[in-house]
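Hi,

Here is the structure I said I would pass on. Have a look first, then read my notes below.

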Amino acid sequence: MTDHGAVTEPGDADDAAADEPAEDGEPTESAARTGAESVVASLETAGVETVFGVQGGAIMPVYDALYDSELDHVTMAHEQGAAHAADAYGAVSGDPGVCMATSGPGATNLVTGLADADMDSEPVVALTGQVPTELVGNDAFQETDTVGVTTPITKSNYFASSPDSVGEDVSTAFALANHGRQGPTVVDLPKDVTTGETDVDPVEPEVPGTVDVQTRADDETVAAAAQTIVDADEPVILAGGGVVKGDATEELYAFATEHEIPVVTTMPGIGAFPEDHDLALEMAGMHGTGYANMAITLTDCLLAVGTRFDDRLTGGVDSFAPDADVVHVDIDPAEISKNVEADHPLVGDAGTVLDQLDEAMPGSPETSEWVEQCREWREEYRLDYAAPEDEPLKPQYVVEAVDEATDRDTVVTTGVGQHQMWACQFWTYTEPRTWVSSHGLGAMGYGLPSAIGARVAADDDQSVVCFDGDGSFLMTCQELVVAVREQMDITVFILNNEAIGMVRQWQDAFFDGRRMASEYPWVPKFDDLAEAFGADGFRIEGYDDAPGVIEEALATDGPAVVDVYIDPTEDVYPMVPSGGDNGQFALTEDHL
């Protein structure tokens, strides 16, 4: 359920209310506090522990209120980093991450991160400073229409109009970010509102009564869908990011294993089902596995859970699961039949609906031959690469080596590009909330700040590893100072091919090799750059030094950056050309 552009109305304090008992859930009056203090108190009431942000003029009253608060504040180097860190915090913890920025350029610098959170349904609450109310609309210094700018890329946003209502605005924004289909919300805070006084106490986060999210699917539709699954000869489960965000991985595992149905994931759905299980076919789509794409193409019944069927997954919609009866489970009714027509639309919470389906199943489909066929595809199209010791280091080898050197619950974050795809393909994900990346927006620079947010959210005994590209790392490398200052134990592996590799790969394949603005022969020595920031820097130049350097970097107590010189000619395969047929994936450039 979305509420784009919700704006609060001015709240008039009722003096008589001080003498009357408050009803449950309603604000009460007590000692006066500033609007800024009310904002912070509302965050505390919501259970927030950490805020990521950058100080500035219009947000300064809120920062002043943080001074005596128990909230931890992580000062980021750039507001985009604050938004990405909050996004990753939400992805790993499941609870909204909170970021703050000042007005004007501070707020607009959050936009990339908010758009990313909106595309990937990550729970984020952004608090932005604003010029005093009387100056709004007058082109005041550092004024931007933050509500107007962020309306298309947020679940809901609020312009705080009164010190009395600002605390409730923040509480409502927090509740909405976490309710139903998660997403980002914004509260814009004029300086006169945060410096003004109020007697209203903070309230627990509560979703407005006008917001209604359906959690259970219609029983008759569930029964029909269950019968379709039982009657299928080649059923496939497609697990999307909604399975992870809905904490439905246990229900998915139980359903798939009980009924012996192979499981494919989307890229946001990585970790929804353990990839070392015999039924796992891993990721489908543009750079998905050949066996996942074959199963999707030839299935006669597709049970899709928590996915929006984006174009990087489907390729050409007409050729996507062309012979399948589609059972689509999603908590957001707007996603049903938006891209792929659903034969059985099941609106509801992923875990709840999977339980409903399980209860409604009159039996199990006969899948032994189909499961064996999927096993054969997995052997025929298994991910592989040549790694001669006398040739440059292959990035796939590095990903596998780091995977082997870390625990199963290690959190992996990435930037965007070829390195992101290799991290998808050659790391074995077995647990939810261990894969953190920018999917729908594809925001280069996401990797390092997201590692910071993931580090704050992860358990102390969990490792956090970031795979980044040289181009992607350069966009937000300033955030390394944050990891150094906070002594965060994260390890960044830069798969360095001196290029925006994915762009170069497309130029070679579709633009006759005209490599315009995609090659970066001028990148710095990233291990030296890391040392300049105060982190530990390492370098890998070949197979001989890789195991030892990986072990040493992972053992570093604090931030470490490993500059990995990879084969600059290596590309990402399999590959389905944009808009193509998933069943016609290319294994080499010659196949395109």
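**What turned up**

Start at Gly 53, whose bridge partner in E3 is Thr 75. This is a predicted model, where local features need pLDDT of at least 70, side-chain atom pairs count only at pLDDT 80 or more, and totals for chains, interfaces and linings use all residues. Residues are numbered from 1 along each chain as its sequence is written, and side-chain values use heavy atoms, with hydrogens and water left out.

Strand E2 (residues 50-53) and E3 pair in the parallel sense over 4 bridges. (Strands, E, are DSSP runs of at least two residues and helices, H or I, of at least four, numbered from the N terminus; two strands pair if DSSP finds at least two bridges between them.) Both belong to an open sheet of 6 strands, ordered E3-E2-E4-E5-E7-E6, with parallel pairing. Its edges are E3 (72-75) and E6 (156-159), each pairing on one side only.

UniProt's unreviewed entry has an annotation over residues 34-147, "domain: Thiamine pyrophosphate enzyme N-terminal TPP-binding". (Positions are in the numbering used here, feature names are shortened, and annotations may be inferred rather than shown by experiment.) That stretch is 44% helix and 18% strand, with its end C-alpha atoms 23 Å apart.

Now the inside. The largest nonpolar core has 50 residues, and Phe 52, Met 76 and Cys 99 touch the most other members. Helix H3 (residues 79-93) gives the most to this core, with 8 residues. (A core here is a set of buried Ala, Val, Leu, Ile, Met, Phe, Trp, Tyr and Cys residues joined through side-chain atoms within 4.5 Å; buried is under 20% relative accessible area, exposed over 50%, partly exposed in between, with a 1.4 Å probe and protein chains only.) Apart from it lies another core of 36 residues, among them Met 283, Val 402, Trp 435 and Ala 553.

Finally, the rings: the whole structure has 14 aromatic pairs. Phe 309 is buried because its relative accessible area is 1%, and Phe 320 is buried at 4%. Tyr 381 and Phe 585 are another edge-to-face pair, at 5.1 Å and 90 degrees, and they sit 204 residues apart. Ring pairs also link Trp 427, Tyr 429, Trp 435, Phe 467 and Phe 493 into a cluster.

Cheers

Note on methods
Rings of Phe, Tyr and Trp (its six-membered ring) pair if their centres lie within 6.5 Å; planes under 30 degrees apart count as stacked, over 60 as edge-to-face and the rest as tilted.
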